[in-house]
Every structure is written in structure tokens, then in C-alpha cells.
2 protein chains.
Amino acid sequence: MLDLSLPLGLRDLTPDHSAHLAELSARLQEVFRTFRYRRVLLPTLERLEVVERGLSPAALAGVLKFVEPGSGEVVAIRPDITPQIARLYAARPDALPDPARLCYDGPVLRAREARAGRPREVYQAGVELLGAGGPAADAEALVVLRRALDRVGLSHAVLEAGHARFAEAVLSAAGLRAGARERAMDALSRKDEAALGALAREARGPSRSREALPALATLYGEGALARARRVARAVPAAGGPLGELESALRLARRRGVGAVDVDLGEVRGLGYYTGITFAGYAPGAGSAVASGGRYDGLLARFGRPGPAIGFAVDLEFATQALERRSGRRAAAGGARR
Amino acid sequence: MLDLSLPLGLRDLTPDHSAHLAELSARLQEVFRTFRYRRVLLPTLERLEVVERGLSPAALAGVLKFVEPGSGEVVAIRPDITPQIARLYAARPDALPDPARLCYDGPVLRAREARAGRPREVYQAGVELLGAGGPAADAEALVVLRRALDRVGLSHAVLEAGHARFAEAVLSAAGLRAGARERAMDALSRKDEAALGALAREARGPSRSREALPALATLYGEGALARARRVARAVPAAGGPLGELESALRLARRRGVGAVDVDLGEVRGLGYYTGITFAGYAPGAGSAVASGGRYDGLLARFGRPGPAIGFAVDLEFATQALERRSGRRAAAGGARR
């Protein structure tokens, strides 16, 4: 009797769920197209050397790599599509406008579950705006994400934005002792103001900078931007990142993006991001339905320096959120009858 | 300096070409949906044992397989989507209607180019009708393919149909001597009537069956069905396959499928097909823009016996044909000015 199971950690989507994902994906591509993003198809495999260039060492540990029997080359099944697009942008300047608006859709694969219960294969649909920096491009990314979420039925999803270098600047300015940085990151991820305060007292930076450290744990929710401005007055290096975020949010608001929550205390898992970062959250989804940010350092690693920003929708999480919403509607409709 | 090349034999599509493929794919899925085919997303990897169950030994040689570092399992990057769908049908009877109408879209990968100049990674979009046999299901597959080609701009594509067991029946009935079978297949692939005649004279079958052998090289073009009927009178075992093809074509015609060419002299490369086979051809494409057929033996290999039929559009070849056509139109428009 043949064992019909899949390789360890992979799974079949039920056809209904799968159809939902595919329909969602098709609708997202339609939205991306209205913003003049052109879809690109990228290969399933890349040479490991190329993948290594685009990922952090931590992310690299999760890459599924093997030696191709024919050529002896070490190849990887793509763990992320953004570095592939960066490679394409660098390798084919002749074939792309500048700036280039590209969108994609497809699975990415990891060697194993990043966390228990997370699938190894993840379906994404996203956009990348390459060769364009500054607040207008930042705002465009927020606008496209907001419109995309609205048009697929996730208008209730909440956008949250931050900046990859804000908390970093505050942590550096505090002058933490050796070994304390890791503990500060831990405390920050738990929004543990008291623990940050204790670390600040032992730090060696100027007192104003040290005093700003615990405030990092408070830079979310109502009034977050006002508190962040106070932090930036104490830590001038945080002023640039904050200004970039505020400009992007201002422009995005003018282009019709409604409320965007702010969280400037995020430091983990930002990977290649160098500027604003953002994500979309909706009830029912196991994690963010979409996430992205500015990555001005990545293109240079492939030999064609330039600014860039993009985001990816996690089709599975977005579908979970949509199914929750339609389930609620159906339940509410049933109760009324 | 980083080498930006892709693994040996893979290539990037230019963004324009890639966008054409993606648009084509989206339109095909729309057509499939109007016929109530539901899209399924299948994983990139399968256990090698599952892939082996679905392919001929020749096709297996082209499968890209490796040992997963984590689990030690031997896995394959999918070389074909139909066996994945067969596995799903067998593994998840609870989650699928019967018959099940499923469609898909995605890349398949081979270990190396099957022929010089052929890409290793091929983008396909197709449908499978599982659990339904007989002429109505056969005709449905032809109708869906015709409508799909019409609606994406390939109404000029020619459909050609045959049957996987017709030539086989004639070859068997002729009673070819050991070693002659391979030569007969060669002659047939060249439509070499004289060579088939010579082999028939040396064969050991009944004279009527032997006399039918060279006619196999003539079973295409105008009057092919009439000639095939004469062959089937001489070789009764060929009558069943011919009847299946004729019934399918009759029903398809009633459902508005126009002319379908017939070629009953095909024996090569039919893989898992057991019944009618068909393909679509259009100028400008390197090979068939679509191909498919009935495969009533495959599902049983996965433990849930049942009839099935399906086809796949080769997105690259179909795009080549579309680009040729629009290029011609543009050229004609230019000449008129």
C-alpha cells in the first residue's frame, strides 16, 4: 500500500481553502495591476550564493538547499521572493524601467517550520517598488497595501507602521554594556519598561539617552508618535527615522489611507529592512496578513545600488481572516432569521 | 563580484514576457472557473515514492530529486502536477466531490532539459476531471480546452485528437517479430508507410491484421476517420478505441467544438494515457500549446481506482503563439498606414 503522505512538514490545503487562496491571489494581482505593477515569474531554484546574499544568517539556516545531481551546483529552493527580484533588477537593467514596479505570486519554502505549527511552504503575493526612495515611494507602498486589503474584503484589517532604525538608534545611544543588548531586545519584545529601565541604569551612554531607553517599550497605541518625538529629542539619531515615518504617514493620509497605528519599539525579525516597516493585522489570522518595508541596502548586495520598498501578503493568513469574517457574517445572518 | 546567474538550465523570463504568461494564466483560470473547476494549490515537493507511482520510467529519469537534510526523506520537486492531483484525490476523498473538477496553475521542474533548448522549468495551467469516464467526460475536456483557447485569443489554434490504445491494438494484432516493434514505432513516428509495410510482411499475425499495419501511417488529415474505420474492421481490438474517439468527437461537436483533426498513428510519449488524447497547435509556438487525454489507470496506482481525464496548457508555448499573432497584427496594421 502506497503511503500517500507528503514530505515531513508539508501539507495539502483542502480544495475549498485552496480555492479561497487562489481567488484571493487573483484579486490581489488585479489591484497591483491597477497601480501599474507588472507581474514577474521567478524560478523555483536559485544558486545558494544568490540566496545567501539576500538573507540574514538566521534566515539562511532555514533555507532548503541541496546539490544538483547533474551540475554539482549548490542550489536552494527559494525561501523568499524579494531577493530574487533584487537579483533580477541587478541582472536585467535593460529589461526593466527605472523605477521598476513589479509584483509576484507564488510559494516559498523553508527547510523546516520556523515555529511549531507554522507551515514550511507559504503562499505569498506581493509588490516591490525598486529604484525609488523617499516619502512618496513609502506612501505608495502603504496606499497599495491599504487598497489591496480593502478590495479583497479585509477593510477591517489594521495597518501598523514603524521604522527599522528607530529602536536601533536608541539602543545604540544608551551605551549598553556587553551582553546587555540581547537582554534589552528581549525586554523590548515583551514591552517590559521596568527591565529596560534597569538596563538603562547600568548603561554608559549620556543620561538623556539612557533615560530614553525604557520609553521604547511605550511607543505604540494612542499618542505613540508624541512619545516618540520626545525620545527623538533625547536621542538625535532617532530623529531621522522618525521623520521618515511621519512623512510617509502624512503623504499616505493625503492619498486616502485611513488610520495607521504606530509601533516604534519593534527590533526583531526585521531582516533586510532599513527604513519604514509596516504590517496588516486582522482577527482570525495566525499572524500578520501582510508585512513589508523599505530595504535600501539589498539591491547594492546584488551589484546595482538603489532604494527599494515592498510588501507581501501572506495568502494563508489573509484567507484565515476572510474565512473568519464570512463565518461571522453567516452566523449573524443565521441568527437574524 | 557576485555571479547573478541562475542554476544551470534555468532562466529568467523578461518582465514583459512574464507578465504575458501571468495574464494568460489568469484568463485561463477564469475560463476553468466558468466550467466549475476549482483551483487547487499543490506543494512544490512530493516524496519520491509518490512521484514514481505516477510516471513512466523514462519520465522518472528527468525528475529532480534529493535527500532532505532534516528528515532524510528522498523528495522530488514536482515534475508534473497530474500525479499530485491523483494523490490528492486518493488521499482526501472526504474533501472532494465525486466526480471532482479541479484546476491548477504553476511551474513544474525537470532535472535537465528534456530536449536541447527546452526549458527545465515549465509553467502550466490545466484541469482534471476525476471520477468521470465515458464520452460525456471526454467531450467536456475538449469543450473546456476549445473555450479556453478561444477566450485567450487562440481561436486559430487547431485541435488534434487521437487515442492512446488504437495504434497499440494494431501493432499487437500484426504479430511483429522480436525487435521489430521498436522499428515499427520508429517508422510510425516518421509516418513511413513503406517501412511499416516491410515489417508487416515479416510479421506473424493474421494477414488482415498485418495488412492494416502500414495504414497506421495514413491515419491523419482529410478522411482519417474513414481510413481508421477500415483498419478497425481488420483489427477488431482497434474498434473500441476508435468508437471512444468518435463518440467524444460527436458529443464535442454538438457542444459547439468546431473542427478537430484526427491523428490515430501516434504512439510515443503518451505516458499514463489510456483513452482519447488531444492537443492544441498554433503557429509561433515551439510545440503544442496544450495537451491532454484520458488516464483511467493512474488513480488506481494511488489506491482509489477511477476514470479521469485532463489537459494542461503550456503557458510559455501559448504565449509564444499569442505574441506571434499580436506581432503579425501590429505588422499588418503598420503596413496599412
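**Salt bridges and burial in a predicted model**

Author: In this predicted model, the side chains of Asp3(B) and Arg47(A) meet in a salt bridge, with N and O 3.4 Å apart. The pair crosses between chains: Asp3(B) is in the segment before helix H1 (15-34) of chain B, and Arg47(A) is in strand S2 (residues 45-47) of chain A.

Reader: Why is the pairing of Asp3(B) and Arg47(A) called a salt bridge?

Author: The rule asks for a side-chain nitrogen of Lys or Arg within 4 Å of a carboxyl oxygen of Asp or Glu. In general, side chains of opposite charge can pair when their charged atoms come close.

Reader: What makes Arg47(A) count as buried or exposed?

Author: Buried means under 20% relative accessible area. Arg47(A) has 10%, so Arg47(A) is called buried.

Reader: Which residues are linked with Asp3(A) in a network of salt bridges?

Author: Asp3(A) is linked with Arg47(B) and Glu49(B).

Reader: How many salt bridges does the rule find across the interface of chain A and chain B?

Author: The rule finds ten across that interface. One salt bridge between the chains joins Asp16(B) and Arg38(A), at 2.3 Å from N to O. Over all chains, the count comes to 40.

Reader: What makes the salt bridge of Glu316(A) and Arg11(A) a tie between parts apart in sequence?

Author: The closest N and O atoms of Glu316(A) and Arg11(A) are 2.9 Å apart. Glu316(A) lies in helix H13 (residues 315-336) of chain A and Arg11(A) in the segment before H1 of chain A, so the pair ties together parts that are 305 residues apart in sequence. Glu316(A) is buried, at 10% relative accessible area, whereas Arg11(A) is partly exposed, at 33%.

Reader: How do you know whether Asp138(A) and Arg294(A) are buried or exposed?

Author: Asp138(A) has a relative accessible area of 3%, and Arg294(A) has 3% as well. Each value is under 20%, so both residues are called buried. They form a salt bridge at 2.7 Å. Asp138(A) lies in helix H5 (residues 134-151) and Arg294(A) in strand S10 (residues 290-294), so the pair ties together parts 156 residues apart in sequence.

How values were computed
Residues numbered from 1 in each chain as written. Chains lettered and ligands numbered in written order. Predicted model: local features only at pLDDT ≥ 70, side-chain atom pairs only at ≥ 80, totals over all residues. Heavy atoms only, no water. Helix = DSSP H or I, 4+ residues; strand = E, 2+ residues; numbered from the N terminus. Buried < 20%, exposed > 50% of the residue type's maximum accessible area, 1.4 Å probe, protein only.
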